[in-house]
Amino acid sequence: MVHDVLVVEDEEDIAVPLMRTLEREGYDVSRVSVGSEAVSFVVEEGPAVVILDLGLPDMDGIDVCRQMRSGGYTGGIIMVTARAGELDRVVGLDVGADDYLAKPFGLAELLARVRALLRRSASSAPDDTSVTTSSGLRIDAGSRRVHLGDREIALTAKEFDVLAVLANSHDKVVPRETLMNQVWDQNWYGSTKTLDVTIGRLRSKLEAADAGEKVVAIRGVGFRLETGT
């Protein structure tokens, strides 16, 4: 299967070799150099992965990521930036990025992260099954959609994967290591902070939807999905 990858990068000396490398690996690669075009592109084309530079000429990449997610894009987003501080990484993950790579970076490492995103998105949830909780929250792995009655709760790829794993062990604690291995990768390059940020976003969306389900943290162990009172 050929996967579409969008490169959002305004610097030619970075974009050109990156695109060539991705194309050699068999990806169908597109490129835009400004944030507004990137937002429009993901809405119209829905690429599997977006490689997003934060230092764009028209808008900050953080805002681009936020607009992509608020517009319903659920594919993988890898942020690429010279900002290497922990706060920058947390902010990027908090607005919906799946991964964060600091410049300068090796092309082999970036390719590994792209493969990991695609692999986990394709295989982390059970195949063609659905789980319905006692509160009426329905997690459909076949369509990768979540509904509460007639309403859909829009989740990113990683938010869905985390919820699917937790729902399949409803009322049981799922260790952090299990979530990282099933939703990301056993050879994950990044910080486990991404799990905490993803859990935080998932909690907020479930609460906003009055889903009746809550994700409870078990200190030092992991997380549990349970029906709230």
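This is a short tour of the structure, stop by stop, with what to select and what is there.

The model is predicted, so local features are given only at pLDDT of at least 70 and side-chain atom pairs only at pLDDT 80 or more, while totals for chains, interfaces and linings use all residues. Numbering starts from 1 along each chain as its sequence is written, and side-chain values use heavy atoms, with hydrogens and water left out.

**Stop 1: the parallel sheet**

Two strands count as paired if DSSP finds at least two bridges between them.

Now zoom in on β4 (residues 76-81), which pairs with β5 in the parallel sense over four bridges. Show Met-79 and you will find Tyr-100 of β5 opposite.

**Stop 2: the largest cavity**

A cavity is a set of points, on a 1 Å grid over the protein atoms alone, where a 1.4 Å probe fits but cannot get out; lining residues have an atom within 4 Å of a point. Grid points are joined across faces, edges and corners, and a volume is the space filled by probe spheres set on the points. The whole structure holds two cavities of 30 Å³ or more, and the largest has about 40 Å³ of space.

Select Val-7, Val-8, Glu-9, Ile-14, Leu-18, Ile-51, Leu-52, Asp-53, Val-80 and Phe-105 to see the lining of the largest cavity. The elements giving two or more residues to this lining are β1 (4-8), α1 (12-24) and β3 (49-53), and β3 supplies the largest share, three residues. By type, the lining has eight nonpolar, no polar and two charged residues. Here Ala, Val, Leu, Ile, Met, Phe, Trp, Tyr, Cys and Pro count as nonpolar, Asp, Glu, Lys and Arg as charged, and the others, Gly among them, as polar.

**Stop 3: a cis peptide**

Move on to Pro-104, in the loop between β5 and α5 (107-123). The bond from Lys-103 to Pro-104 is cis, with omega near -10 degrees.

**Stop 4: two hairpins**

Select β7 (residues 137-140) and β8 (residues 145-148), antiparallel strands joined by four bridges. Leu-148 in β8 is the bridge partner of Leu-137. Four residues lie between the strands of this hairpin, where Arg-144 takes a positive phi near 55 degrees.

Continue to β9 (residues 151-152), which pairs with β8 in the antiparallel sense over two bridges. Here His-147 stands opposite Glu-152. The hairpin of β8 and β9 has two residues between its strands, and Gly-149 in the turn has a positive phi of about 65 degrees.

**Stop 5: helices around α8**

Display α6 and α8, whose axes come within 9 Å and cross at roughly 85 degrees. The two helices are therefore roughly perpendicular, a label for angles of 65 to 115 degrees; under 35 counts as roughly parallel, over 145 as roughly antiparallel and the rest as oblique.

**Stop 6: two loop residues**

Finish with Asp-171, in the loop between α6 (157-167) and β10 (174-175). Although not a glycine, Asp-171 has a positive phi of about 70 degrees. Then select Asp-210, in the loop between α8 and β11 (213-218), where phi is near 55 degrees.

Notes
1 Å grid on protein atoms, 1.4 Å probe; cavity = no way out; pocket = protein on both sides within 12 Å on 5 of 7 lines; lining within 4 Å. Axes fitted to C-alpha atoms, helices over the stretch in contact; angles between N-to-C directions.
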